[in-house]
Amino acid sequence: MALDRHAEEGRKRKIRTATPSTVRKVNRSILLHVIRTHQPVSRADISEKTGIFRSNVSEIVDELIEEGLINERRARPSGRGRVPIHLSLNDDGLYVIGVSMRSGQTSVAWAGLTGKIRRELHFVTPSTPEEFVNQLAAAVGEMQPSDAAYSPVAFRECAISVPGLIRADQGSVVWIPSRPAFSGFPLARRVQDVLGMPVAVDNDCNRAALAEMWFSDDQVGGLNNFVFLEIGEIGVGAGIVLNRSLYQGHDSTFAAEFGHMVVDPAGPQCECGRRGCWETLVCDRASWRRYSQEPFGEGSADTLVQAARSGSVEAIRALEQTADYLSLGISNIVFALNPELVIVAGKIASAWDLIGERVQSAHGSSKIRMHVRPARLPVTEMFLHGSILRALSTVFEKPKLGW
Ligand SMILES: [Zn+2]
């Protein structure tokens, strides 16, 4: 019976297989990836690095030059032999808008094909989605050159990251804890109507994971299977990358809600209705409460880290307890997923020199290999870069095959 059902589902869904045109798209994506990570690079080098025939490389390179995505430049002659022609990404080949919505403020950035930010603007995040769409449209309008001598810039893609649950395939909001009025709002469609370009909306930690993967590509092998964690003020966000793809759950609504793993059934009450969820023990507010009776607020996390650096025994003890809880949760994640790396972002990452070793070892086991490191950039920058890279992914991503 189960087999019949699967066959039925198979008929309903469109099965996508590799045709000559998809193979070409895959090769095109591989080529762009090699040019991005090795530029300036010659056609011969690309062929050698990828194993794609030289003639096929040249055909695709000609196509990319024609589309304005890459530039070619003759290298400086050095001695005998042919002077190679070097290829590199053309930053003017594609302009995109990346948006990071936070509970306090929203950042809007314009970037070119290399992902480098050309201009950045901010506005206070409004409480209603309609006002958010208006302010975002105004900010994108402001990105345009005001001088009439310059023609308007054509932005081609937009990606928005939000601190909450998103139905990623539809771009609609499920739930943003700090903005309840956004629930059910078709954010991607409404922004698309106003801006007139394709818009993608996703969870911010998923985007940050994408950014870590992109930045890691300059290392040998890059990152392929890893977990990104944001230890926030009152919660924990996460993104899982498996085989270089984001894992978003079966209905692309949510996954990786590690913050709600119960690690102490007698622990503090959590917003999800249960007790002792991991986030109630490792978030910045929990660390602060172990240190001070004063109310937790903006700047508290920094104050705690500074106090620990100045030698406050109470502050050091509070952070050590956080490190122990971090170690406990991360070891559970590592046992479940066996990732090559767990990346920790947030204010706590700035205290890594104080707690890193303890996080690595407190709940380690001889049965698992637990590699943990802090994020490369402050978390707000990770979110913005992640959105830019998502907007660029239409060019860089391989076509999806299979189911
Ligand atoms: Zn919970």
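Why is it called that?

Tutor: Welcome! This predicted model holds two cavities of 30 Å³ or more.

Student: What makes a space a cavity?

Tutor: A 1.4 Å probe fits inside a cavity but cannot get out. About 50 Å³ of space lies in the largest cavity, and about 40 Å³ in the second largest cavity.

Student: Which residues line the largest cavity?

Tutor: Its lining is made of Asp284, Ser287, Ala301, Leu304, Val305, Leu319, Lys347 and Ile348. Helix H10 (300–309) and helix H9 (284–291) each supply at least two of the lining residues, and H10 gives the largest share, three residues.

Student: How do you know how the lining of the largest cavity divides into nonpolar, polar and charged residues?

Tutor: We sort by residue type: Ala, Val, Leu and Ile are among those that count as nonpolar, while Asp and Lys count as charged. For the largest cavity this gives five nonpolar, one polar and two charged residues.

Student: And what lines the second largest cavity?

Tutor: There you find Asn225, Phe226, Val227, Ile240, Val241, Leu242, Leu337 and Pro339. Strand E11 (226–231) and strand E12 (236–242) each give two or more residues to this lining, with the largest share, three residues, coming from E12. The lining of the second largest cavity divides into seven nonpolar, one polar and no charged residues.

Student: Let's turn to Asn206. Why is Asn206 called buried?

Tutor: Compare two numbers: buried means under 20% relative accessible area, and Asn206 has 9%. Because 9% falls under that cut-off, Asn206 is buried.

Student: Where is Asn206, and what does Asn206 touch?

Tutor: Asn206 belongs to helix H7 (residues 204–216). Leaving out residues up to four places away in sequence, Asn206 touches Ala238, Gly239, Ile240, Leu246 and Gln248.

Student: Which atoms coordinate the zinc ion?

Tutor: The donors are His260 (ND1), Cys270 (SG), Cys272 (SG) and Cys277 (SG), at 2.1 to 2.3 Å. Their spacing in sequence is H-x9-C-x1-C-x4-C.

Student: Why is the arrangement around the zinc ion called tetrahedral?

Tutor: Four donors count as tetrahedral if all angles lie between 85 and 135 degrees. The four donor atoms here subtend angles of 103 to 121°, so the arrangement is tetrahedral.

Student: Why does Cys270 count as buried, and why does His260 count as partly exposed?

Tutor: Use the cut-offs again: under 20% is buried, over 50% is exposed, and partly exposed lies in between. Cys270 has 5% relative accessibility, so Cys270 counts as buried. His260 has 22%, so His260 counts as partly exposed.

Technical notes. Residues numbered from 1 in each chain as written. Predicted model: local features only at pLDDT ≥ 70, side-chain atom pairs only at ≥ 80, totals over all residues. Heavy atoms only, no water. 1 Å grid on protein atoms, 1.4 Å probe; cavity = no way out; pocket = protein on both sides within 12 Å on 5 of 7 lines; lining within 4 Å. Points joined across faces, edges and corners; volume = space filled by probe spheres on them. Helix = DSSP H or I, 4+ residues; strand = E, 2+ residues; numbered from the N terminus. Buried < 20%, exposed > 50% of the residue type's maximum accessible area, 1.4 Å probe, protein only. Contact = heavy atoms within 4.5 Å. Donors = N, O, S within 2.8 Å, 3.2 Å for Na, K, Ca; no water. Tetrahedral: all angles 85-135°; square planar, octahedral: opposite > 155°, others 65-115°.
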